[in-house]
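Subject: Structure handover

Hello,

Here is the structure you will be working with. Please open it and keep it beside this email while you read.

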Amino acid sequence: MKQSGKCPKCGSHEVIAGAKAIDRAHGPTQKDFTVATFRTPEAFIFKGEQKSPVSAWVCGSCGFVELYAQFPDRLKIPAA
Ligand SMILES: [Zn+2]
């Protein structure tokens, strides 16, 4: 949908690009919705968290939502 500008579910071209995905956690605080990977998930404290905010592409016709990490390169785990 991001590349094609077309909804894969209903075929509409009424696509809303780059909507902000909001994570409300537990309360009124708004945080960017993020995805994360961990370089060393077995570590007790320093897990090496790597994060990217998430943007949403929304179909204005059927409401289908597609999520994209804004910085996918940040999430890659380097080979050991
Ligand atoms: Zn649609």
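Contact here means heavy atoms within 4.5 Å. With that in mind, take glutamine 50: apart from its neighbours within four places in sequence, glutamine 50 is in contact with Val35, Ala36, Thr37, Arg39, Arg74, Leu75, Lys76 and Ile77. Please note that this is a predicted model, and that the values below are computed from it.

Strand β5

Glutamine 50 belongs to strand β5. Its relative accessibility is 7%, so it counts as buried, the limit being under 20%. The side chain of glutamine 50 also reaches the backbone oxygen of lysine 76, at 3.3 Å.

Lysine 51 is in strand β5 too. Lysine 51 is partly exposed, with a relative accessible area of 45%. Leaving out residues up to four places away in sequence, lysine 51 touches Thr34, Val35, Ala36, Arg74 and Leu75. Lysine 51 and alanine 69 are 18 residues apart in sequence, and their C-alpha atoms are 9.0 Å apart in space.

Serine 52 is found in strand β5, which covers residues 49-59. Is serine 52 buried or exposed? Serine 52 is buried, with a relative accessible area of 0%. A polar atom of the serine 52 side chain lies 3.1 Å from the backbone nitrogen of glutamine 70. Residues up to four places away in sequence aside, serine 52 touches Phe33, Thr34, Val35, Ala69, Gln70, Phe71 and Leu75.

Valine 54 is another residue to look at, and its place is in strand β5. Valine 54 has a relative accessible area of 6% and is buried. Neighbours within four places in sequence set aside, valine 54 is in contact with Ala21, Phe33, Thr34, Val35, Leu67, Tyr68, Ala69 and Gln70. The C-alpha atoms of valine 54 and aspartate 32 are separated by 7.3 Å, while the two residues are 22 residues apart along the chain.

Phenylalanine 33

Where is phenylalanine 33 placed? Phenylalanine 33 sits in the loop between β3 and β4 (34-38). Its relative accessible area is 31%, and phenylalanine 33 is therefore partly exposed. Not counting residues up to four places away in sequence, phenylalanine 33 touches Ala21, Ile22, Asp23, Ser52, Pro53, Val54 and Leu67. Along the chain, phenylalanine 33 and serine 52 are 19 residues apart, and 8.6 Å separates their C-alpha atoms.

The zinc site

Which residues are the protein donors of the zinc ion? They are Cys7, Cys10, Cys59 and Cys62, each through its SG atom, lying 2.3 Å from the ion. In sequence these donor residues follow the spacing C-x2-C-x48-C-x2-C. The four donor atoms subtend angles of 106 to 114 degrees around the zinc ion, and the arrangement is tetrahedral because of this. Cysteine 59 is buried, with a relative accessible area of 2%, whereas cysteine 62 is partly exposed, at 42%.

The nonpolar core

Nonpolar side chains tend to be buried together in soluble globular proteins. The largest nonpolar core in this model has five residues: Met1, Cys7, Trp57, Cys59 and Tyr68. Cys7 and Cys59 in that list are also donors of the zinc ion. Tyrosine 68 touches Met1, Lys2, Gln3, Pro53, Val54, Ser55 and Trp57, residues up to four places away in sequence not being counted.

Salt bridges

Side chains of opposite charge can pair when their charged atoms come close. How many salt bridges does a search of the whole structure find? The search finds two.

One is between the side chains of aspartate 32 and lysine 20, at 2.4 Å from N to O. This pair links distant parts of the chain: aspartate 32 is in strand β3 (residues 31-32) and lysine 20 is in strand β1 (residues 15-20), twelve residues apart. Aspartate 32 is partly exposed at 39% relative accessibility, and lysine 20 is exposed, with a relative accessible area of 56%.

The other joins the side chains of aspartate 73 and lysine 76, at 2.9 Å from N to O. Aspartate 73 is exposed, with a relative accessible area of 58%, and lysine 76 is exposed as well, at 54%. Lysine 76 is also the residue whose backbone oxygen the side chain of glutamine 50 reaches.

Regards

Conventions
Residues are numbered from 1 along each chain as its sequence is written. This is a predicted model: local features need pLDDT of at least 70, side-chain atom pairs count only at pLDDT 80 or more; totals for chains, interfaces and linings use all residues. Side-chain values use heavy atoms; hydrogens and water are left out. Donors are N, O and S atoms within 2.8 Å of the metal (3.2 Å for Na, K and Ca); water is not among the atoms, so sites may look incomplete. Four donors count as tetrahedral if all angles lie between 85 and 135 degrees; four count as square planar and six as octahedral if opposite donors are over 155 degrees apart and all others between 65 and 115; anything else is irregular. Buried means under 20% relative accessible area, exposed over 50%, partly exposed in between (1.4 Å probe, protein chains only). Helices (H or I, at least four residues) and strands (E, at least two) are DSSP runs, numbered from the N terminus. A polar contact is a pair of N or O atoms within 3.5 Å; within protein, one must be able to donate a hydrogen and the other to accept it, and residues adjacent in sequence count only if both atoms are side-chain atoms. A salt bridge is a side-chain nitrogen of Lys or Arg within 4 Å of a carboxyl oxygen of Asp or Glu. A nonpolar core is a set of buried Ala, Val, Leu, Ile, Met, Phe, Trp, Tyr and Cys residues joined through side-chain atoms within 4.5 Å.
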